[in-house]
Amino acid sequence: MEAEKNARPKGRIRIGIKWKMFMILFAFVSVFVFAIWLFQIQMLHYFYQTAKFNELDKVAKEISLALGDDNKVITVAETSADEFSNDVWVYRIEDGRLNENNKLVHSDGTREEIGYFLEPNFEDLYERALANKNKYVAIVPMRNFKGSYYEFKIIADNANDAGSYPYISGNVRTLNVIHVNVMEHKGESYVLFQRASISPLVTMISMLENQVMFTGVLLVIFVLIMAAIMAKLITKPIEQINRSAKSLALGKYDTEFEGRGYREIDELSDTLNFAAHELSKNDRLQKDLISNVSHDLRTPLTMIKGYSEVMRDIPDENTPENVQVIIDETTRLTDLVNDMLDLSKLQAGSRAPDMREFCLSEMLRSTMYRYEKLTMQDGYTIELSIDKNAYVIADSTMILQVIYNLINNAINYSGDDKHVSVVQKLSGDTVIVSITDTGEGIAEENIPLIWDRYYKVDKVHRRATVGTGLGLSIVKEILELHNATYGVTSTLGKGSTFWFELKTSDSSEYDVELVDF
Ligand code: ADP
């Protein structure tokens, strides 16, 4: 628990997935509610008034198209008055003046008295339109603050800003939009007045504000619940996996990771199950290793102790043969300890290869020379065949160890004819060394396993074949360190060929030279 606490980075606040999700969803909802507030509430005046102005523009266009045909103008005006509850007036201009007699049409969509209130101002509005590129829009209240009707007072217009509309926001009373267009048709001039009302939106806006607030609060509660549910869905399998991981950490390698629910967690569970399986394999290997090592160390030690005690207690047993047994067992122990050290250094990466150029062929020849005594004594024949001198860039000590281990194995596992052949062949820019024996061979299913440390095909301890079970692991480590390819072909009852391939350096000779030992 203490270690876990220490592992946490200091100064960082760790929030759970639930609150994180809530924060994300809350941010999302806030943006959403803000957008609704902005468009639905803040810009409502704008949208509403734009719609009104569009209606007025549309009628103005229709009337301008109908000019020249008075009946048509009257029909359009009346239809529009009905459709939009507008008031529409069209005058023909005579001598540059607005004359009551030249009123083409007045269609009132609302109350007649609006006409009495507006018409006295038409002359003035017409002048303003002329001065404002033939189009003028003004906003006029329906009644003044004292409550009396129809006091004509422009509160906003587009006289200074021709073309744009005088938008009003936050209006508390009904307003009139007065829309004036001066139009020309076949040399005659007309003026169109339209009146429409803009209703106060204050009530509507405060209602909408309440709605948005209410919806916002509801959404926040909903988001909280959603975050809790989603967090539960996400964290439940994670917690399950966490529990399993804790039990794995305690050394229970048979732990099953069962956190399921969604793809990522399924994959995580599978990966952890695989990791647990690998850990348990490693654990087993470790236990095997310890038991193998202790067995291999104990056997020669027991022998040495036994023989020494016999020689101490029984003077007649003090023979050179018995002393030889002690020497042999000591050698075996030394070999074993050396191999273990070599392998652990190689595996830890602390034994870096010292890459230098040397003649591999020469190394093979001198190795054979060293085996001469053994071959003479025990009747082994080792045949060496070298096609051309090969130079390689490698760690010569390590490569020598590979050659020794492979030849030792070939001798140890050779057949009754006690014959081993070593062949070196140059091919392209590589050199292949193969060591063949005529022994019992290796079963196909065992071939991938022989490179594992302490693996022995013959589990029964054979005193005759002295081996540490580490030789091929060392060979493998060294060759892999050199990026060399290697392998074995073997037939049961016929023998095996172990081979490895190294890149040659440019100095390799291409003269044919055959050497037989
Ligand atoms: P060991 O010290 O037991 O020889 P190695 O790692 O060198 O350990 O070899 C592992 C196992 O591979 C050996 O125990 C043996 O069963 C098998 N093996 C190795 N070389 C040969 C060979 N030339 N012929 C048959 N079996 C072999």
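Student: Which Lys lies over the face of Tyr 380?
Tutor: Lys 418, at 5.0 Å from the ring centre. A charge sits over a ring if NZ of Lys or CZ of Arg is within 6 Å of the ring centre and within 35 degrees of the ring normal.

Student: What sort of model is it?
Tutor: A predicted one: local features need pLDDT of at least 70, side-chain atom pairs count only at pLDDT 80 or more, and totals for chains, interfaces and linings use all residues. Residues are numbered from 1 along each chain as its sequence is written, and side-chain values use heavy atoms, with hydrogens and water left out.

Student: How many aromatic pairs turn up in the whole structure?
Tutor: The search finds 15. Rings of Phe, Tyr and Trp (its six-membered ring) pair if their centres lie within 6.5 Å; planes under 30 degrees apart are stacked, over 60 edge-to-face, the rest tilted.

Student: How do Trp 19 and Phe 22 pair?
Tutor: Their centres are 5.6 Å apart and their planes at 85 degrees, so the pair is edge-to-face. Both lie in helix H2 (residues 17–42), three residues apart. Helices are DSSP runs (H or I, at least four residues), numbered from the N terminus.

Student: Is Phe 22 buried or exposed?
Tutor: Buried, at 14% relative accessible area. Trp 19 is partly exposed, at 45%. Buried means under 20%, exposed over 50%, partly exposed in between (1.4 Å probe, protein chains only).

Student: Switching topic. Which residues form a cluster through ring pairs?
Tutor: Tyr 46, Phe 47, Phe 53, Tyr 165 and Tyr 167.

Key:
Helix = DSSP H or I, 4+ residues; strand = E, 2+ residues; numbered from the N terminus.
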